[in-house]
Amino acid sequence: MKIAIIGSGISGLSFANLVKDKHEIVLFERSDRSGGLIKCDRVQNVLFHRVGGHVFNAKNKEILDWFWSHFDKENEFVTTRRNARVWFNNQIIGYPIENSIYNLDADTVKKIISELLELAKKEKKNPLSYDNFEHFLKGSFGDTLYEIYFEPYNKKIWRTDLSTVSMEWLEGKLPMPNFIEIITSNVLRLEEEGMVHASFFYPRVNGSQFIADRLSAGLKINYGQEITSILLKNDTIEVGGQSFDNLVYCGDIRRLPCELKYYLRKHDVDVDYLEGLRSNGTSNLLCETDDNDLSWLYIPQPFTMAHRIIYTGNFSETNNKLGGRKTCVVEFSGHVPRAVMEEEIKKLPGHLKGIASNYEPNSYVIQDKRTRNEISKAKIVLKAKGIYLLGRFAEWEYYNMDKAIEAAFALSKNYMSCEN
């Protein structure tokens, strides 16, 4: 079959590599290179992750095996232990914060422990049984931890009322709280072992752009071509002046070409709802920083607009200028002018000095209670015409790199089974 793929981020590239041996694949990419959100540039001879700081790991052995079939783990990657911390009351404390409350003042610690003990007496609830994200956080960690950490930090990121955020997005993203483990970790001061990225793999050179470049090799990719029209014919789909049997759409579902929106409306899909899906962009400032051993530093309190620092200079020594200072990326939610970011970093630790900035209009997707159901309806309708949705913005799922690859795997398996 001849398959068009719109978008050459990690989702489109993964799917293309999974099916390219059996089918003719053509990718369309509006940018001048592949990578999507994992793009990196070298600026003043240091590496700039333009959107966050993307690393790789996976608990799924099938994903790991496939990934390492494309890369040399020993020679092309470094293995790094996650060293995440929280900047709270002008001091660095452990992450996650619930395991490090011994760093807080005595009155706050008493309140938190009292609330946790009361919660422990109640019947344990399935996280998905909570009405919304706010209720989950309060019901899992108590009012005090919610007020001093979870509410201000998550409002910085999501910039929305947490009571309107659906719980489905959280499934599989974070380990669920265990009151005995929280108390034990605080008494014994244990390091967190169960986080999603407790350790991770990172390219020795060029960061996540190295991953995108390798997965792009040998693929037919039309760069600089934004697809604004798709023609649906009886047995084919016309994209970019070419006819295809199938289409995998990895773009933003809110910006589907008019022909696809018309087709969805004809089949009773609420296109107006899909067009109104919420997302936040991110502003990132690449900085020099004092030497440290951190990987992420989370900043919950409202004294600054910044919500985290990603110490990409610690991921690989090649990310820094030889003989120069370490580097990091300071992340802000929404559009923040560089001049404002430069003022904000003066409030942060590390004697930060700005090097370059970037604004990404869409990076965090926000789900509500309708989102997954409406996306599922759209998928079913489009599939009947040989069109498939894949990726963070097409499926409106907060995928990390491994989850994006996993979704590509699932589609490729479904795709092959449909052929048979």
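Modeller: Rings of Phe, Tyr and Trp, the last taken by its six-membered ring, form a pair if their centres lie within 6.5 Å. The structure discussed here is a predicted model.

Colleague: Which residues do ring pairs link into a cluster?

Modeller: Aromatic pairs number 27 in this structure. Some of these ring pairs join up into a cluster, and its members are Phe56, Phe67, Trp68, Phe71, Phe77, Phe201 and Phe210.

Colleague: What kind of aromatic pair do Trp158 and Tyr398 form?

Modeller: A pair of aromatic rings is described by the distance of the centres and the angle of the planes. For Trp158 and Tyr398 the centres are 6.0 Å apart and the planes stand at 75°. Planes over 60 degrees apart count as edge-to-face, so the pair of Trp158 and Tyr398 is edge-to-face.

Colleague: How many residues apart are Trp158 and Tyr398, and where does each lie?

Modeller: Both residues are buried. Trp158 belongs to helix 5, while Tyr398 is in the loop between helix 12 (392-395) and helix 13 (401-419). The pair therefore links distant parts of the chain, and the separation is 240 residues.

Colleague: Is Ile157 buried or exposed?

Modeller: Ile157 is part of helix 5, residues 133-158. Its relative accessible area is 7%. The cut-off for buried is under 20%, so Ile157 is buried.

Colleague: Which residues does Ile157 touch, not counting those up to four places away in sequence?

Modeller: The C-alpha atom of Ile157 is 9.5 Å from that of Gly281, 124 residues apart along the chain. With residues up to four places away in sequence left out, Ile157 touches Asn280, His307, Ser333 and Tyr364.

Colleague: Which ring does the charged end of Lys125 sit over?

Modeller: The charged end of Lys125 is 4.1 Å from the centre of the ring in question. Another such placement has Arg370 over the face of Tyr273, at 4.2 Å from the ring centre. For Lys125, the ring is that of Tyr130.

Colleague: Is Asn90 buried or exposed?

Modeller: Asn90 lies in the loop between strand 6 and strand 7, and its phi is positive, near 60°. Asn89 is in that loop too, with a positive phi of about 50° and a relative accessibility of 46%, which counts as partly exposed. The relative accessible area of Asn90 is 62%; the cut-off for exposed is over 50%, so Asn90 is exposed.

Colleague: What is the peptide bond from Tyr95 to Pro96, cis or trans?

Modeller: Pro96 is in the loop between strand 7 (91-94) and helix 4 (106-121). Omega of the bond from Tyr95 to Pro96 is near 0°, and the bond is cis.

Methods: Residues are numbered from 1 along each chain as its sequence is written. This is a predicted model: local features need pLDDT of at least 70, side-chain atom pairs count only at pLDDT 80 or more; totals for chains, interfaces and linings use all residues. Side-chain values use heavy atoms; hydrogens and water are left out. Helices (H or I, at least four residues) and strands (E, at least two) are DSSP runs, numbered from the N terminus. Buried means under 20% relative accessible area, exposed over 50%, partly exposed in between (1.4 Å probe, protein chains only). Contact means heavy atoms within 4.5 Å. Rings of Phe, Tyr and Trp (its six-membered ring) pair if their centres lie within 6.5 Å; planes under 30 degrees apart count as stacked, over 60 as edge-to-face and the rest as tilted. A charge sits over a ring if NZ of Lys or CZ of Arg is within 6 Å of the ring centre and within 35 degrees of the ring normal.
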